[in-house]
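Colleague: I am new to this one. Can you walk me through how to read it, feature by feature?

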Amino acid sequence: MAQSLAVETHGLTKRYRTGVLAVNDLNLAIQSGEVYGFLGPNGAGKTTTLRMLSGLLHPTAGSATVAGASPGSSASLSRLGAMVETPAFYPYLSGRDNLRVMARYCGFSVNRIDAILKQVDLAERSRHKFKTYSTGMKQRLGVAAALLKDPQLLILDEPTSGLDPQGTVEMRALIAEIKNEGRTVMLSSHLLNEVELTCDRVGVIARGRLVAEGTVDELRSRSGTSTLLVRATPADRAQKLLEELLGKDKVRLASGQFHISVDPSQAGSINRRLVTDGLEVTELRASEQSLEDVFLQLTETPERKG
Amino acid sequence: MIASFNAERLKMRKRWANWILVGVLLVILVLLGYVITYVIFTNPPKGFRSEVPPSVLKKEVFPENMVPNILVGMETIGAAIMIIMGGLSMASEFGWTTIQTILIQKPGRLAVLFGKLLALALTSLLVSIAVMALAALTSYILVQIDGSSSSFPPAEALLKGFGALWLQLAVWTAFGMFLGLAFRSTAAAIGGGLTYLFVIESLVGGLFRNTAGLKEVLKFLPGINANGINATFPYTYRNPNAVTTVLVSGTRGSITLITYLVFFVVVGALIFRSRDVGA
């Protein structure tokens, strides 16, 4: 691909006829060759965005370039493989025949089908009807159909949705393999660990707007607040001492562990004080802001904030 | 478009529902259009009254009347089956949401739609051929069983009859597909299409055919126009009991049906191109 951006949107907006503003002034820039996680809670506008990028929905405003061409155009679609929402195939056809149908739509030879079925580990069940497939097999067939065109850009919408742990691990491995082939992957998900383990960069969408973008580490460091985690016994005495020392509002007990909102550099003095007072400190460490914490902060609705 | 056409052919060929529909159509044609008619006219029930003797009426199923017998037989049942087939073909894509999977492939919306239209046109052509062939075979067997003599119409009449049949089946298929596009629901497309066919075309068209005022409106309906075309292929005998009012000429009927065909295709394409998918 000559261009360095695989996906670029400017002010992309979609308001449905019902009046719902699903995507609002979205600006994205996805580099070629990266795995981009598109993260957001359910209803945030992820699937609507992916549908617009695939040419299924017409934007209300704004513009987009997908694989160097306008979404839904033949030029864009020929370089794009996508699985948007649940993989949809003909239930009366086998997995192989479904891929044959898709290959015919693309005007491609069916020669690649065997290799792709093998890549997604569906070769053995390829002659069985799609309606007999498990959720994991359906997801894998969806990825197979997306790979059929040998695309430069792959859009996968919640690819691990409905999969068991084994299937999830296999899907992650498949995405890693696809990345290693040099393709750009845009992966939408609401599962944080999936994004954390798979993606080079992450965009967080909430209420139709992009609220944060960066690497996982960059997002983690966005929040300046730090926490010390302390486990000490007896817990009641420890709590009393910590509250006297730091103030009630800075100490929170959860699951037998104290979450203390102070600079981690104070860990030594806090430890010394606890030990001096005859308490047994079994754990004391700085807590790294998890992606989950950042995600919750970024996507918190005004109602939730109260 | 050719790529889409090839994909559609594979889907249609592998779909059992299509084979069942064609099978039902052919069985009804042979049983109702030929075998039962022949049995009744050969052994008329007691009290059977007709200005035309049964020995003449049974010529309806002989080769000489092949074209009018097929066209009259297909007017309703052929229309119903093709509405279902067209509706299934389009609306199922929305029901299974496979339309999303297709549109994400390469061809583009209009190519997808015209590929489907071509495949349905081919299907209606093949159904027309099957109907003609089976009717010819059945009428030939029946005339042999009867020991009578009857010859097939001249090639020109057969070709014209075939053209009339294909046009009508194609229009009803396009109607079913149009409803599938408009409603995006298999039940609504088929239910709506069959309700229209049986209530408006058959019931209202049959009862109010001679009612002044309404008659002028009826002249615009596809079924009434198909009936006008079919009337240009008369039986070889005159049956005063079976006379119905023909509202339009064959030429007007043909023009109207072609107009409907173009309308369904053009308006269907506009709808398909402009509407969001998966909204």
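The dialogue below takes the features in turn.

Modeller: Start with the origin. This is a predicted model.

Colleague: How many helices and strands are there in chain B?

Modeller: Chain B holds 12 helices and zero strands. Read from the N terminus, its elements go α-α-α-α-α-α-α-α-α-α-α-α.

Colleague: What radius of gyration does chain B have, and what would a compact globule have?

Modeller: The idea is to set the chain against a rule for its length. For 279 residues, a compact globule would come out near 19 Å. Chain B has 20 Å, so the two agree. Along the principal axes, its C-alpha atoms fill a box of roughly 65 × 45 × 35 Å.

Colleague: How much of chain B counts as buried?

Modeller: The share is 43% of its 279 residues.

Colleague: Show me one residue of chain B in its place. Where is B:L126?

Modeller: B:L126 sits in helix α7 of chain B, residues 109–146. Count its neighbours next. B:L126 and B:E51 are 75 residues apart along the chain, and their C-alpha atoms are separated by 38 Å.

Colleague: Now the contact between the chains. How is an interface described?

Modeller: The size of an interface is often given as the accessible area lost when the parts come together. Here we list residues instead. Chain A brings 28 residues to the contact and chain B brings 25 residues. On the chain A side, α2 (74–79) and α3 (95–106) each supply at least two residues.

Colleague: Which element gives the most to the side of chain A that touches chain B?

Modeller: That is α3(A), with seven residues. By type, this side of chain A has 17 nonpolar, six polar and five charged residues.

Colleague: Pick a residue in that helix. Is A:L99 buried or exposed?

Modeller: A:L99 belongs to helix α3 of chain A. A:L99 counts as buried because it has 25 C-beta neighbours inside 10 Å, and the cut-off is 20 or more. Leaving out residues up to four places away in sequence, A:L99 touches A:I113, A:A144, A:A145 and A:L148. A:A212 makes a contrast. A:L99 and A:A212 are 113 residues apart in sequence and 37 Å apart in space, C-alpha to C-alpha.

Colleague: How many residues does the largest nonpolar core have?

Modeller: It has 129 residues. Those with the most contacts inside it are A:A144, A:L148, A:I155, A:V185, A:L187 and B:I83. Helix α8 of chain B (residues 155–183) gives the largest share of this core, 13 residues. Another core, of 10 residues, lies apart from it, with A:A238, A:L242, A:V251 and A:I270 among them.

Colleague: What does A:V185 contact?

Modeller: Set aside neighbours within four places in sequence. A:V185 is then in contact with A:V35, A:Y36, A:L154, A:L156, A:I175, A:I178 and A:K179.

Colleague: On to strands. In what order do the three strands of the open sheet run?

Modeller: The order is β2-β1-β4 in chain A, with antiparallel pairing. Look for edges next. They are β2 (21–31) and β4 (61–66) of chain A, each pairing on one side only. From one strand to the next, the twist averages 15 degrees. Strand β1 of chain A (residues 5–15) pairs with β4(A) over five bridges. A:T13 stands opposite A:A61 in β4(A).

Colleague: Last, the backbone. What should I look for?

Modeller: Most residues other than glycine have a negative phi, and most peptide bonds are trans. Look for departures. A:D150, not a glycine, has a positive phi of about 55 degrees. A:D150 lies in the loop between α5 (135–147) and β6 (153–157) of chain A.

Colleague: Which residue of chain B has a positive phi of about 55 degrees?

Modeller: B:T97, which is not a glycine either. B:T97 is in the loop between α5 (77–95) and α6 (98–104) of chain B. B:T97 is partly exposed, with 17 other C-beta atoms within 10 Å.

Colleague: Where is the cis peptide bond?

Modeller: It joins A:T233 and A:P234, with omega about -5 degrees. A:P234 lies in the loop between β10 (227–233) and α9 (235–246) of chain A.

Definitions and conventions. Residues numbered from 1 in each chain as written. Chains lettered and ligands numbered in written order. Predicted model: local features only at pLDDT ≥ 70, side-chain atom pairs only at ≥ 80, totals over all residues. Contact = placed C-beta atoms within 7 Å. Helix = DSSP H or I, 4+ residues; strand = E, 2+ residues; numbered from the N terminus. Nonpolar A, V, L, I, M, F, W, Y, C, P; charged D, E, K, R; others polar. Buried ≥ 20, exposed ≤ 12 C-beta atoms within 10 Å, placed from the backbone. Rg over C-alpha atoms; globule rule 2.2 N^0.38 Å. Core = buried A, V, L, I, M, F, W, Y, C linked by C-beta atoms within 7 Å. Pairing = 2+ DSSP bridges. Axes fitted to C-alpha atoms, helices over the stretch in contact; angles between N-to-C directions.
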